[in-house]
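Here are some notes to read alongside the structure. Take them one at a time, and keep the model open so that you can find each residue as you go.

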Amino acid sequence: MIKQILNRLPKKSSKSADSRDGSGTSTSSSNASTSSRNSDLVSNRYGSLSAASLPDFNSGPNLGSGYGNKLSQAVNSKLNGNQPVPYEALPNFRDVPNSEKPNLFIRKLNLCCIVFDFNNPTKNLKEKDIKRQTLTELVDYVSSANGRFSETVMQEIVKMLSVNLFRTLTSPPRENKVLEAFDLEEDEPLMDPAWPHLQVVYEFLLRFVASTETDAKLAKRYVDHSFVLRLLDLFDSEDPREREYLKTVLHRIYGKFMVHRPFIRKAINNIFYRFIFETEKHNGIAELLEILGSIINGFALPLKEEHKLFLVRALIPLHKPKCLPMYHQQLSYCITQFVEKDCKLADTIIRGMLKYWPITNSSKEVMFLNELEEVLEATQPADFQRCMVPLFCHIRCCLCSLHFQVAERALFLWNNDHIENLIKQNRRVILPIIFPALERNARQHWNQAVQSLTLNVRKIFSDIDPELFEECLLKFQKEESRENEIKSKREATWKRLEEIAAMKATSNEPVLISPKITRRTPSG
């Protein structure tokens, strides 16, 4: 009996040990999961760590990726109420042997994964200064790197960039007002208080992408579609300094990662579609168009159908939003690039502009005329003839505008030698369309400058083709006399109505007038 009991004891002890081992594994796994969640929680919140949040990693003999585990443990110790060790600077790169620099680089990357609260300027001053200095050292290290970045290093780099850059953009309400150009010029741009750190992080990203030691084939696993999309989301930042850095970074990514080029173009298209047809609010349209201007300039000929669709579906409709002044210069450059690449697109572009031509917004109309001149300057005679009739019907309206800047800008088109030659070559079609507007301006426009410019344009036509000019003048005079006759008959009819109404004023009898229908014969 005793022997049986003794034989059982080791078995019970073994079961107990197994049980303890299993429990330990489960607990370890649970702690690891909790550690990961807590680390993510802290790294994604501003100001979640105080000056005494992290351990002193200078004292540990281990370098490299194990640092990330220590970082998580330090964060957990903070969350669990244990006594943490201060957040301190790591050794400078020049103070360690070359063999230790890659590991120190990773340690510094992990040290910079902590995001501080810049809304409180008095909080964590020492730690913020340490982080900025560390980021500056990282920029210098990447700029002077002599060997290819390994996959582990790239992973740590992208992790640090993601933690610092990818955040929810907050913008104060603008009282739902329409974003006109003068509104935004009066408003001061909003500066991100975290810019002292963000600027160095962007500089680090720029140097990393531009570095010859960055292997595009390896880096594309981490600078992937998700990374690019989140970068594009940041273009809506209120801070113009951030958008300027983003513009440069995205352009470098487009140049280095050829595999991402179609995706980047498609993603920018989607931003434009949402802006045009849904929100009409985005802070980075000008910067995105500036990037596209450079991209369009590099398109190979003949243009792909994809690029022509981009012109028709995205660029031309960008003339529609009310905040066009904010990005019109960049848009006009992109449009002109397409005409210079393929002059046959001029007809498509001009008709597209006429579709969105402003009616009541004079300042926007002047911008359209400016852009129109640039497009026409690159237009060939054959393409001009396809769209000249609807085009000069709109120009006629501009010539008649009571807003002197619109009329003046339309008349300035004749100062361009190429456009003047196109008009002269097609004067038999164009002059009959615009002659009434020229004649009325010369006679009765309230602005002296507009009258003077109109007389100059009339003289151009009368000098080059006196017969056509006289023909148009006679036609105009006949039309004018016919209109005066109709006007006189109308006035006579109203006067007769007034007389009859005065005679019948005291009676309740209805006033009957025999209908006299005056038919207006079509001219020409």
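1. Lys-489 is partly exposed, with a relative accessible area of 41%, and Glu-485 is partly exposed too, at 47%. (Buried means under 20% relative accessible area, exposed over 50%, and partly exposed in between, using a 1.4 Å probe and protein chains only.) The two form a salt bridge whose closest N and O atoms are 3.6 Å apart; a salt bridge here is a side-chain nitrogen of Lys or Arg within 4 Å of a carboxyl oxygen of Asp or Glu. Both residues lie in helix α22 (residues 466–503), four residues apart, about one turn of the helix.

2. A word on the source: this is a predicted model, in which local features need pLDDT of at least 70 and side-chain atom pairs count only at pLDDT 80 or more, while totals for chains, interfaces and linings use all residues. Residues are numbered from 1 along each chain as its sequence is written, and side-chain values use heavy atoms, leaving out hydrogens and water.

3. How many salt bridges does the structure hold? There are 24. One of them pairs Lys-108 with Glu-137, with the closest N and O atoms 2.5 Å apart. This pair links distant parts of the chain, as Lys-108 sits in helix α3 (residues 101–111) and Glu-137 in helix α4 (residues 125–143). Lys-108 is buried at 0% relative accessibility, and Glu-137 is buried at 13%.

4. Now look at Glu-371, in helix α16 (residues 362–377). Glu-371 is buried yet has no salt bridge, and the nearest side chain of opposite charge, Lys-364, is 10 Å away. (Lys and Arg count as positive, Asp and Glu as negative; His and the chain ends are not counted.) What joins the side chains of Glu-371 and His-319? It is a polar contact of 2.8 Å. (A polar contact is a pair of N or O atoms within 3.5 Å; within protein, one must be able to donate a hydrogen and the other to accept it, and residues adjacent in sequence count only if both atoms are side-chain atoms.)

5. Finally, the cysteines: the count of disulfides is zero, where a disulfide is a pair of cysteine sulfur atoms within 2.5 Å. Cys-112 is buried, with a relative accessible area of 0%.

How values were computed: Helix = DSSP H or I, 4+ residues; strand = E, 2+ residues; numbered from the N terminus. Lys, Arg positive; Asp, Glu negative; His and termini not counted.
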